[in-house]
Amino acid sequence: MTEPVIEIKNLSKAYQIYSKPSDMIIEMITGRTRHDLYWALKDISFSIKEKQRIGIIGPNGSGKSTLLKLITENLTPTSGTITVNGKISAMLALASSLNPEEDGISNIRFNLLMNGCNPKIIPSLTEDIIEFTELGPFIYSPVKTYSTGMNARLSFGITTAMKPEILVVDEILSVGDGYFMGKAMNRMIKLCDTGKALIFVSHSVSDVRKLCDTALWLENGSVRKLGPVEKICGEYEEDYTKKRDASERIGNREKQKNIRIGSVAPGSFDSPGLQRLRIVPEDSEKEFSDIHYIRNIQLDLDDNEQIKVPMEFCTLSVEQPSCLDVLGSEWGRFYNRHGADCRLLFANTGKSHGGHLLFHPGEKRLENKEIKVSCSFLASSHSDTEKLVIEYLDCTTVSWQRAGECISERHGTHWERVSASFAMPLATAEQIELAKEVIAMRAKPDVEIIDVAIYSDDEQAVVVKERQPFDIRVTIRANRLVERADVTICLYKSDGTYVFWQSSGMNPDNIYDTSQNIFNLEGTAEITFRFEQNLLNEGKYEIHVACANGFDITYNNPQSEQYDIKIGFGSLVILKEFSEQNMDFGQLNMRVPVDVYIIGKG
Amino acid sequence: MSRLNPIKHFLAFRELVGLLTRHRQLTFEMAKREITERYSGQVFGAFWTIGHPLCLMGVYVFIFAVVFKIKIGGTLELPLDYTTYLLSGLIPWMCFQETLSKGAGVIIANANLVKQVIFPIEILPVKGVIVSLLNLLISLLILIIYVLATNHSLPAMYLMVPILVLLQTLGMIGASYILSSVGVYFRDLKDFIQVFCMIGMYIMPIFYLPSQVPAIFRFVLYINPFSYLVWCYQDILYFGRIQHWWVWAVFAILCLGAFYVGYRVFRKLKTMFGNVL
C-alpha cells in the first residue's frame, strides 16, 4: 500500500469577517474579538491516492476554491492538517500572472521562473509551450491583445509545461474552444499518468466525467459525497438538474414554493421514535427573507430532561439524542457571530423549508400519548425584520403545527431569545405507517416515469448492433388525472456529448404537433420511440427522460410544468458490426416515429 | 534562552540569503518587469526612472544654491561646495523614501499573485528595493561626475561607498518587509508613509548643517533614524572623513536590525495574507 499523495484530516477554514476595517485595528490593540467567523470548510477529511484523478463538484460557494487554495498553500487552514507528497502546479485563476503589456514569449519566461523552473531548460520548455498552445504569430504580440480563450491556452500551457507531479486546475478551461479543451484534457490525463495526481474543479459535470475517476461533492462546506465519478456525478446531476429546473420553470415555481413550505419530506418518519421540529418565519406562507444566525438551541422534555442541540454537523446516537438536519433543510454554514458559535439559516431552494432539528425522546416516553416540550434558541439577524417561530411535525395529522405561542425577548445587545412550550402528540406504530403512506402518496409527482427499456426484435435488450433497428419504450403513470402529458427523450454519449433529442409531441417531419400530446391521462401509458433506421455509432449512450404538461416550443417552453425527470435512467450500448470505418454522424438531426399506447388504470 | 541564541538568528539570516540567491533570476526579472511595466507605452520609457529624481535634484539645487545663494565650503572643515553637500544627503534619502512608499503597498498591489500563484512571495518587497538601488547608483554617478568636474579629484573615502550602499540595501529590504506585511492589515499605512516622505526631507540635515538648528530642536535630528543615513553619506561624499564613529555604529545596527526584524515580521504575518487580501 503506497502512502497517499494528498492526505487531508479534519480540515477546517474560517474567514474572519469584519464589518469595518477599523474593527481589525481595535481588535489588535485591545485583544477583544470584533469579528464574525464564516466557516467556509468544516471538518473535511479525505485522501488522494497515487494516479488518482479527482473532480470536485458542488454549487457556487460550497467551498471548492477555498479547498484548492488550502491545498496549494495560498491559504492556511484554521484547523486540521494537509499533507502533500509531491510538487504542485496550480492554475487557480485565469491569467493572474500574465503581464498584459508584454508579449507571449516574455510572459512564458517570467511565469516559468516564477514557478521555480531551472533557467537552463526554459528555452526548450518555451518551444513546447508555443507548439502546444498553437498561438502562432500571436506569441509575439502583447498579451493584452489576446482573447480570453487564448489567455487560457497560454496559462494552461505554462502551468503544465513543467510536468508537475500534482496538477490543480480550477474552473477556467471552460473558456477555451472545444478543440483546445480536448487537447488540454488529454494532456492532463497524460500528466497524471506520469505524475502523481490531478485535482480538477468544474461546474461542468460532463468535463469531470470525461477527465476524472473519482468525484468529491462539496456542499455547504462539508463533503456530501465521495466516490466513483459516474455514481457521484449522476446523483449530483439529478439533484442539481431538478433544482435548476424547479427554479427556471415559471409553471413550476409558484406551485413548488407552496408545496415546499407546507410539505413533509419523505423519510421524515423513517427512524422510529424520532421527532422533528423546525424554525420558520412567523408568516407561515413565506420563505425566509432575512439571514438568521441561530445558536444555543435547548430542549426541555416533560420538565425533567434538558437536551442541548449541538450546532455542529453530527449524527444521532444514545449519547447524542438530538441534532440538526444540516443537509436536508435550510441550514447554512457554521458561523461565529459576535463571538458566539452559531449556524446560518436562510432561504435555500431545493431543500426542506426551515431549519430542522431532530430529537429522540427516549424509549420510555414513547409509550405515552404526548410529550411536553419546551424549546428555546437565540437568534440574531441582519435587518431584524423577520420574527422566527417554532413548528413541530405532527405525525397524527402529517402536517406542521405552530408550537403554541412563541415568545421573543431580547437577550443582550445582539441576540433575541425565542421560546415556546407545547404538547406534542406521539404517534403509535400504526399511525406512523399510515403517515408514511400519506407522505409517499403526496410526494409522488402527478406523472411518474416508471420504466425505460430498450427493445430490439420485440425482446428487451441493452446491447444493440450497429444499424439494427430498436425501440425505446418509456412507461409513465399518472398518479392524478392530468390534462396533458408529453414525454421527451435525450441521448447522450457516455463522454457527455449530446446526440439525439425528441419529444413525443413531435411528428417524424420534425414539426411540433401539440395534438400529438397525451390528453386526460389517468393510469399507465407506454410511449415507444421507434428507431427504424439506427444511425447511432458504436459506443455507450445514456438515456435521459422527462415528462411535462405539454410541449409547445413557441408558447410554453420552458414555462410548462415538468412532472418528472430521470437522468441516466437507462443505458444503451451499440456494438460494432461492420469492420470498415464508419462515418461518425455525431449529433443525429432526425426524428423517429412515436407510438402511444394507453394502458389505463390498474 | 533560545531567544538570545545567536546561531538561531544567524540561521534566519542565512535562510533569506539562500532564498534570494536561489530565486535571483526571478527577482531580477520581476524588477525588470516593474520598470518596463510602469513606463511601457510611453515615448521616453525607462528614461523616466532616472528622469524623476534628476528633475527633483535639479530643482533643489536651483532653489538653494542659485536662488538662496547659500554658500559653504572651501574650508578644511567643509571641503566641498554646497551643491555637493545637498546632493550627498538628498540622493540616499530619495532612494530610501521610494522604497518606503513602494514597500507599503507591494503586497496589496500583487494580491492576485499572492492569492493565486504558488511562488515565494518573499521576493516581492525585494524587487522594489532593486529598482530603487538602480536609481541610487545612477544618481551617485551623476554626483561623482559633478565632483570631478568642480573639484578635479575625488576624495579617497569614495571607495567606502559600496559598504554604505550594502548597509543601506539591508536596511531598505528590512523596512520594505515590515511595511509591506503590516500594510496588508493596516491599509492606511501607505498614506502615513506618503506624508512622512513629504516632510521627512526637512527634518533631517540635508539642506542645512546640524549646527544651524536651534539646540532645543536638535534632538529631532537624533531621534530620526534617517538622519544617520544622511550623516554617513555626507561623511564619505562631502567631508571625505569619518566625523563620528558612533554615527556609523548606530547606522549599521539600525540597518542590520531592520533587516532581521523585517524578515521575522514578514515570515510571521505572511501566512495570513491570503485571508485578508
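Me: Let me start with one residue: is A:Leu481 buried or exposed?

Reply: Buried means under 20% relative accessible area, exposed means over 50%, and partly exposed is what lies in between (1.4 Å probe, protein chains only). A:Leu481 has a relative accessible area of 54%, so it is exposed. Before we go on, please note that this is a predicted model, in which local features need pLDDT of at least 70 and side-chain atom pairs count only at pLDDT 80 or more, while totals for chains, interfaces and linings use all residues. Residues are numbered from 1 along each chain as its sequence is written, chains are lettered from A and ligands numbered from 1 in the order in which they are written, and side-chain values use heavy atoms, with hydrogens and water left out.

Me: Where does A:Leu481 lie, and which residues does A:Leu481 touch?

Reply: Helices (H or I, at least four residues) and strands (E, at least two) are DSSP runs, numbered from the N terminus. A:Leu481 belongs to strand E25 (residues 470-493) of chain A. Contact means heavy atoms within 4.5 Å. Leaving out residues up to four places away in sequence, A:Leu481 touches A:Asn520, A:Leu521 and A:Glu522.

Me: Now a contrasting case: is A:Ser222 buried or exposed?

Reply: A:Ser222 counts as buried, with a relative accessibility of 16%. You will find A:Ser222 in strand E9 (residues 222-228) of chain A. With residues up to four places away in sequence set aside, A:Ser222 touches A:Lys42, A:Ile44 and A:Trp217.

Me: How many helices and strands does chain A have?

Reply: Chain A has 11 helices and 32 strands. Of its 602 residues, 51% are buried. Among contacts in chain A with a separation of 6 or more, 73% join residues 24 or more positions apart.

Me: Why is helix H3 of chain A largely enclosed by the rest of the structure?

Reply: Helix H3 (residues 104-114) of chain A is largely enclosed because eight of its 11 residues are buried. Those buried residues include A:Ile108, A:Phe110 and A:Leu112. The buried residues of H3(A) pack against helix H4 (122-133) and helix H5 (148-161) of chain A, together with helix H2 (24-39) and helix H6 (111-116) of chain B. After H3(A) comes A:Gly116, with a positive phi near 80 degrees.

Me: How many residues does each chain bring to the contact between chain B and chain A?

Reply: Chain B contributes 24 residues and chain A contributes 27 residues. Buried area is the accessible area (1.4 Å probe) that two parts lose on being put together, summed over both. Between chain B and chain A this area is about 2,300 Å², with 57% given by carbon and sulfur atoms. On the chain B side, B:Arg33, B:Gln116 and B:Ile118 lose the most area to chain A, together 30% of what that side buries.

Me: Which residues form the salt bridge there?

Reply: A salt bridge is a side-chain nitrogen of Lys or Arg within 4 Å of a carboxyl oxygen of Asp or Glu. The rule finds one across this interface: B:Glu29 pairs with A:Arg109, and their closest N and O atoms are 3.3 Å apart. H2(B) gives the most to the side of chain B that touches chain A, with seven residues.

Me: How many aromatic pairs are there over all chains?

Reply: Rings of Phe, Tyr and Trp (its six-membered ring) pair if their centres lie within 6.5 Å; planes under 30 degrees apart count as stacked, over 60 as edge-to-face and the rest as tilted. The count comes to 32 aromatic pairs over all chains. One of them is the edge-to-face pair of B:Tyr238 and B:Phe239, 5.0 Å centre to centre with 85 degrees between the planes. B:Tyr238 and B:Phe239 are both buried.
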